[in-house]
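Me: I have a structure open and would like to talk through how its parts pack together. Could you take my questions one at a time?

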Amino acid sequence: MKWNAKQYEQQFQFVPSYGEELLGLLTVKPGSRVIDLGCGNGALTGKLAEAGYDVTGVDASPEMLALARKNHPRISFILADAASYRPDHPADAVFSNAMMHWVPKARQDTLLQNVAASLRTGGEFVFEMGGRGNNALIHGTLGDLFRERGLEYRMPFYFPSIGEYTPMLERAGMAADFSAQFRRPTPRKSEHAIVDWILMFDREPFGGLPEEEIRSIAAEAEKRLKDRLFQDGVWYLDYVRLRMKARRRPDP
């Protein structure tokens with residue numbers, strides 16, 4: 001998808017901000033080679049560099065990478081598909097925040113195999129993605145609205161559980177050291193937080209619809225969700241996160 005990188009930086013900086021907590025799971029030493037997979041605008045890539053890592057950012061969005069390079073000119077950024085990317089030399093760690101749920105389920109095994117191939121033996125894979133039930137109220141309401149219009153709402157994301165994802169890591173040659181799945185209602189003070197979120201992150205199911213109809217559906221979704229996601233003057237996105245750390249096992 002084509003990103004509005006500037007709007008993302010202005011309105012959705014909470015995505016990398018929440019990801020800063022994830023940095024604490026990395027235990028490789030300063031100077032280690034780290035790949036920030038799905039780096040977006042480079043906000044967390046910059047944090048990794050500040051921590052002393054030799055970091056490379058990888059993302060499939062030219063718009064996001066243009067902003068990343070502008071904000072962090074001393075960091076190396078590579079335009080590549082995360083599911084097929086492999087570096088020339090194995091890294092000590094691969095880090096990924098809020099990217100992996102964008103990869104379709106059918107490509108997840110390939111993604112994890114390439115992550116494992118990107119790591120030295122014993123190297124760390126630290127990541128957070130949407131977990132089972134992430135934004136279930138938003139997606140469910142959009143599904144209702146699509147059906148009422150004779151349309152099909154196709155979920156554009158993959159939100160697994162710990163039990164589903166751990167065996168996938170194992171098949172790719174990695175062993176999970178840590179896993180947590182938790183609800184994280186995420187406050188948004190924007191007057192039209194649900195509309196803003198849909199228009200930024202969830203455009204794929206609307207493919208081919210006129211912009212006026214897209215905005216009409218988004219506005220109706222926000223209206224229907226107000227009694228469940230709007231509290232004390234603040235909107236809350238119904239996020240569920242899957243946070244894990246794994247290591248590459250020695251080859252058989």
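Predicted model: local features only at pLDDT ≥ 70, side-chain atom pairs only at ≥ 80, totals over all residues.

Me: Is Thr-141 buried or exposed?
Reply: Thr-141 lies in helix α6. Its relative accessible area is 5%, and the cut-off for buried is under 20%. Thr-141 therefore counts as buried.

Me: How many Å apart in space are Thr-141 and Leu-111, C-alpha to C-alpha?
Reply: In sequence, Thr-141 and Leu-111 are 30 residues apart. Leu-111 is one of the buried residues of α5, while Thr-141 belongs to α6. From C-alpha to C-alpha, the separation in space is 30 Å.

Me: What about His-139: is that residue buried or exposed?
Reply: His-139 is also found in α6, the helix of residues 136-148. Not counting residues up to four places away in sequence, His-139 touches Asn-134, Tyr-153, Met-155, Phe-157, Phe-159, Trp-197 and Asp-202. With a relative accessible area of 5%, His-139 is buried.

Me: How are α6 and α8 oriented to each other?
Reply: Their axes come within 12 Å and cross at roughly 80°. Angles of 65 to 115 degrees count as roughly perpendicular. So α6 and α8 are, to each other, roughly perpendicular.

Me: Which residues of α8 make the contact with α6?
Reply: On the α6 side, the contact is made by Ile-138, His-139 and Leu-142. By class, the residues of this contact divide into five nonpolar, one polar and no charged. From α8 come Ile-194, Trp-197 and Ile-198.

Me: How many charged residues has the contact of α8 with α9?
Reply: From α8, the residues are Ala-193, Ile-194, Val-195, Ile-198 and Leu-199. They meet a set in α9 that includes Ile-214, Arg-215, Ala-218, Glu-222 and Leu-229. By class, this contact has eleven nonpolar residues and no polar ones, and the number of charged residues is two.

Me: How do α5 and α7 lie, parallel or oblique?
Reply: These helices pack with their axes 9 Å apart, at an angle of about 50°. That angle makes α5 oblique to α7. Gln-108, Asp-109, Leu-111 and Leu-112 in α5 meet Tyr-165, Met-168, Leu-169 and Arg-171 in α7. In a right-handed crossing, then, the arrangement is oblique.

Me: Which elements do the buried residues of α5 pack against?
Reply: The buried residues in α5 are Gln-108, Leu-111, Leu-112, Asn-114, Val-115 and Ala-116. They pack against both strands and a helix. The elements are β1, β4, β5, α7, β6 and β8.

Me: How many residues has the largest nonpolar core?
Reply: Those with the most contacts inside this core are Leu-37, Met-100, Leu-112, Phe-125, Tyr-165, Leu-169 and Met-174. Elements that each supply at least two of its residues include β1, α5 and α7. Apart from this core lies another, of 25 residues, among them Leu-199, Met-200, Phe-206 and Trp-235. The largest core has 29 residues.

Me: Asn-135 has a positive phi; is this residue buried or exposed?
Reply: Most residues other than glycine have a negative phi. Phi of Asn-135 is near 50°, and this residue is found in the loop between β5 and α6. At a relative accessible area of 1%, Asn-135 is buried.

Me: And Asp-232: buried or exposed?
Reply: Asp-232 has a positive phi of about 50° although it is not a glycine. Its place is in the loop between β7 and β8. With 81% relative accessibility, Asp-232 counts as exposed.

How values were computed. Residues numbered from 1 in each chain as written. Heavy atoms only, no water. Core = buried A, V, L, I, M, F, W, Y, C linked by side-chain atoms within 4.5 Å. Buried < 20%, exposed > 50% of the residue type's maximum accessible area, 1.4 Å probe, protein only. Helix = DSSP H or I, 4+ residues; strand = E, 2+ residues; numbered from the N terminus. Axes fitted to C-alpha atoms, helices over the stretch in contact; angles between N-to-C directions. Parallel < 35°, antiparallel > 145°, perpendicular 65-115°, else oblique. Left-handed = near helix turned anticlockwise from the far one by under 90°. Contact = heavy atoms within 4.5 Å. Nonpolar A, V, L, I, M, F, W, Y, C, P; charged D, E, K, R; others polar.
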